[in-house]
Amino acid sequence: MKKVFFFVLLVISFSAKAQNTDYIVSMNGIGPLKLGMTKAALEKVLGKKITLKNLLDKENGYADTIKTKYKSIDVILYIGRQYIDENTEEIVLQSIRSSSPLCKTKSGIAIGDDKMKIINVHENDMLYIWPDFEDDTYTKRSKTKSIINVSTDNNENTIIFYLVNKKVVSFEVTYYEGE
């Protein structure tokens with residue numbers, strides 16, 4: 001009986017660990033949703049078709065924002081055109097955002113964690129911290145909302161932590177456009 005109980009406990013542990021990687025926030029994306037994925041690959045992971053509006057207009061369309069679900073989390077996907085070579089472009093995932101409590105970084109930062117945990121965990125990385133704005137004209141700085149952008153030397157991407165009252169409320173993984 002002890003052997004059966006141990007085996008069941010072992011199987012549950014492995015399956016829980018496998019499920020947890022579906023929502024890991026890394027410099028490359030969230031779970032299997034990776035930056036640079038083509039539209040076709042993204043549709044395969046999501047298990048559904050993505051309807052584009054802006055990108056279908058070749059003259060003026062630059063990007064589309066899609067709110068959808070991946071498994072049991074809500075995500076916002078930012079999809080745009082990216083050049084493969086001089087003459088060829090592809091529609092790819094350029095950024096992904098989620099505020100699901102199921103998401104957390106490899107280093108354990110999750111929704112609800114505080115600003116100092118991010119700073120302590122990423123003390124050897126590039127950190128940019130600034131207040132968010134309360135208005136669409138970017139003239140009134142918020143006293144409660146802020147943003148922390150974390151980048152590393154060995155990656156072209158960044159994780160953006162959105163905070164309210166110094167607590168993480170959402171993650172975004174995107175291409176690094178600094179310096």
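Visitor: In what order do the strands of the open sheet of four lie, and which of them stand at the edges?

Guide: This is a predicted model, in which local features need pLDDT of at least 70 and side-chain atom pairs count only at pLDDT 80 or more, while totals for chains, interfaces and linings use all residues. Residues are numbered from 1 along each chain as its sequence is written, and side-chain values use heavy atoms, with hydrogens and water left out. The open sheet of four strands has mixed pairing and the order β3-β2-β1-β7, where strands (E, at least two residues) and helices (H or I, at least four) are DSSP runs numbered from the N terminus, and two strands pair if DSSP finds at least two bridges between them. Each edge strand has a single partner, so one side of it is left without a neighbour in the sheet, and these strands are β3 (33-34) and β7 (104-105).

Visitor: Which residue is the bridge partner of I24 in β7?

Guide: Strands β1 and β7 run parallel and are joined by two bridges. In one of the bridges to β7, I24 has as its partner K104.

Visitor: Which strands are at the edges of the open sheet of seven strands?

Guide: The pairing in this sheet is antiparallel, and the order is β4-β5-β6-β11-β10-β9-β8. Pairing on one side only marks the edge strands, which are β4 and β8 (126-133).

Visitor: Why does the pair of Y23 and Y70 count as edge-to-face?

Guide: A search of the whole structure finds three aromatic pairs, meaning rings of Phe, Tyr and Trp (its six-membered ring) with centres within 6.5 Å, called stacked if the planes are under 30 degrees apart, edge-to-face if over 60 and tilted for the rest. The rings of Y23 and Y70 have centres 6.2 Å apart, and the pair is edge-to-face because their planes stand at 70 degrees.

Visitor: How many residues apart in sequence are the parts that this pair ties together?

Guide: Y70 belongs to strand β4 (residues 63-70), whereas Y23 lies in the loop between α1 (2-20) and β1 (24-26), so the parts tied together are apart in sequence by 47 residues.
Y23 is buried (under 20% relative accessible area, with exposed over 50% and partly exposed in between, for a 1.4 Å probe and protein chains only), its own value being 10%.
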